[in-house]
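I opened the model and kept notes as I went. The entries follow the order in which I looked things up.

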Amino acid sequence: PQIGRDPAPATPFTVRAVPEGPLSPFGKYFSKYLNVFGVHIFATRSTPDNKLRHVAAVMAEYLDNNEDGKPDNPNVLDALASRDAYLVMTANEREFDRVDPETWHAHGFQAGQFQHAEETRPSGNRFDATLEEVLHLITVHGYGNAYPRVFGLRSGTPLARCLDTARGGHFTRVPRRYPKRSWFHYDDRTCDYACQMTEYFYW
């Protein structure tokens, strides 16, 4: 389902209730909502508002880096908005374990990303996962769909070839040991080839 876009985001972002209608499947677990250029952000009641607004601000800055109120790359925004891309937030990972994504997947919402408040650190004195998780959403569902021949998550694209070069070979699964000539050594064995591409794009 395509829900449509809000106008350019206001600052500061106003947290509101999850809208009724097509987005209501998210209402089973989430009570807070923001919309950034048509990208949905949902959060649980226990997720602090300031962290939700921080995620929205980072997303707005990625999409509109010169802050003129217009997304810098309309093709990427179209790819995100047409798929109703979304990010869901919980207070912590334990709370997310109690959430069933099939609740909204069954209604066609597939282009999503997860983040929790404990890893969201607006202060800047520790690593802020927002910089990574929001970028994953934009690169996978935005750039990956707007420019599939370059950023598509499959073997043979320029992004895939860069990954293979960085890892010293084409590995569909995480190898036990990377070649000496490699310089990208992502080692999470639960991360498949498409996941490795996403992580490489971030790094």
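Is Phe-26 buried or exposed? I looked up its relative accessibility, found 0%, and so logged Phe-26 as buried, the cut-off being under 20%. I note here that this is a predicted model.

**Entry: ring pairs**

I describe a pair of aromatic rings by the distance of the centres and the angle of the planes. The count came to 16 aromatic pairs. I took Phe-26 with Phe-42 from the list: the ring centres are 3.9 Å apart and the planes are at 5°, so I filed the pair as stacked. Phe-26 sits in the segment before strand S1 (32–36), and Phe-42 is in strand S2 (residues 39–43). The two are 16 residues apart, and the pair links distant parts of the chain. I checked Phe-42 as well: its relative accessible area is 0%, so Phe-42 is buried.

Next I looked up Phe-26 with Trp-104. Their ring centres are 5.1 Å apart and their planes are at 20°, so this pair is stacked too. Trp-104 belongs to helix H4 (residues 102–105), while Phe-26 lies in the segment before S1, so the pair ties together parts 78 residues apart in sequence. Both Phe-26 and Trp-104 are buried.

Which residues do ring pairs link into a cluster with Phe-26? I listed Phe-30, Tyr-33, Phe-42, Tyr-86, Trp-104 and Phe-109.

**Entry: helix packing**

I turned to helix H1 (residues 49–63) and helix H5 (residues 130–146). They pack at an angle of about 55°, with their axes 10 Å apart. That angle makes H1 oblique to H5. I recorded the crossing of H1 and H5 as right-handed.

Which residues meet there? From H1 I have His-54, Val-55, Val-58, Met-59, Tyr-62 and Leu-63. From H5 I have Thr-130, Leu-131, Val-134, Leu-135, Leu-137 and Ile-138. I sorted the residues of this contact into ten nonpolar, two polar and no charged.

**Entry: positive phi**

Most residues other than glycine have a negative phi.

- Phe-37 has a positive phi of about 55°, although it is not a glycine. I placed Phe-37 in the loop between S1 and S2. Its relative accessibility is 5%, so Phe-37 counts as buried.
- Asp-84 is not a glycine either, and its phi is positive, near 50°. I found Asp-84 in the loop between helix H2 (74–82) and strand S3 (86–90). At 0% relative accessibility, Asp-84 counts as buried.

Terms used: Residues numbered from 1 in each chain as written. Predicted model: local features only at pLDDT ≥ 70, side-chain atom pairs only at ≥ 80, totals over all residues. Heavy atoms only, no water. Axes fitted to C-alpha atoms, helices over the stretch in contact; angles between N-to-C directions. Helix = DSSP H or I, 4+ residues; strand = E, 2+ residues; numbered from the N terminus. Parallel < 35°, antiparallel > 145°, perpendicular 65-115°, else oblique. Left-handed = near helix turned anticlockwise from the far one by under 90°. Contact = heavy atoms within 4.5 Å. Nonpolar A, V, L, I, M, F, W, Y, C, P; charged D, E, K, R; others polar. Phe/Tyr/Trp six-rings, centres within 6.5 Å; stacked < 30°, edge-to-face > 60°. Buried < 20%, exposed > 50% of the residue type's maximum accessible area, 1.4 Å probe, protein only.
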